[in-house]
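Subject: Structure for your review

Dear colleague,

Please find the structure below. My notes on it follow.

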Amino acid sequence: MDRKLKTESISLLLLFAAFPLTSFGKTLGSTPVWWAGLLCLVAGGALPVVTRFMDHSGDRIRDVGIEFDDRTS
């Protein structure tokens, strides 16, 4: 798995965790839980932007497209 996919997967998990954390933090009145949810939201939103500026020169080039798909008949 390349670095971009790992980073974007972590971003998705952070965004999944952000919404329940902010909800529980606000309804229970727990400020640290709410701040943790807010930080997860900001980090989860910023990581995909960071992946656009990563060095992709070492990535393996894959043949993708309908002509390379073995499932087509």
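Is Asp-55 buried or exposed? Asp-55 is exposed, because its relative accessible area is 57%, where buried means under 20%, exposed over 50% and partly exposed in between (1.4 Å probe, protein chains only).

Please note that this is a predicted model, in which local features need pLDDT of at least 70 and side-chain atom pairs count only at pLDDT 80 or more, while totals for chains, interfaces and linings use all residues. Residues are numbered from 1 along each chain as its sequence is written, and side-chain values use heavy atoms, with hydrogens and water left out.

Asp-55 is located in the segment after helix H2 (31–52); helices are DSSP runs of H or I with at least four residues, numbered from the N terminus. Together with Asp-2, Glu-8 and Asp-59, Asp-55 forms a negative surface patch. Patches are made of residues with over 30% relative accessible area and no salt bridge, with like charges joined within 9 Å and nonpolar side chains (Val, Leu, Ile, Met, Phe, Trp, Tyr) within 5 Å. A salt bridge is a side-chain nitrogen of Lys or Arg within 4 Å of a carboxyl oxygen of Asp or Glu.

A nonpolar surface patch consists of Leu-12, Leu-13 and Phe-16, which together have about 340 Å² of accessible area (Shrake-Rupley method, 1.4 Å probe). Leu-12 belongs to helix H1 (residues 3–28) and is partly exposed at 44% relative accessibility.

Within helix H2 lies Thr-51, which is buried at 1% relative accessibility. A polar atom of the Thr-51 side chain is 2.6 Å from the backbone oxygen of Pro-48. Helix H2 also holds Ala-36, which is partly exposed at 31%.

Yours sincerely

Conventions. Lys, Arg positive; Asp, Glu negative; His and termini not counted. Charge placed at Lys NZ, Arg CZ, Asp CG, Glu CD. Helix = DSSP H or I, 4+ residues; strand = E, 2+ residues; numbered from the N terminus. Polar contact = N/O pair within 3.5 Å; in protein donor to acceptor, adjacent residues only side chain to side chain.
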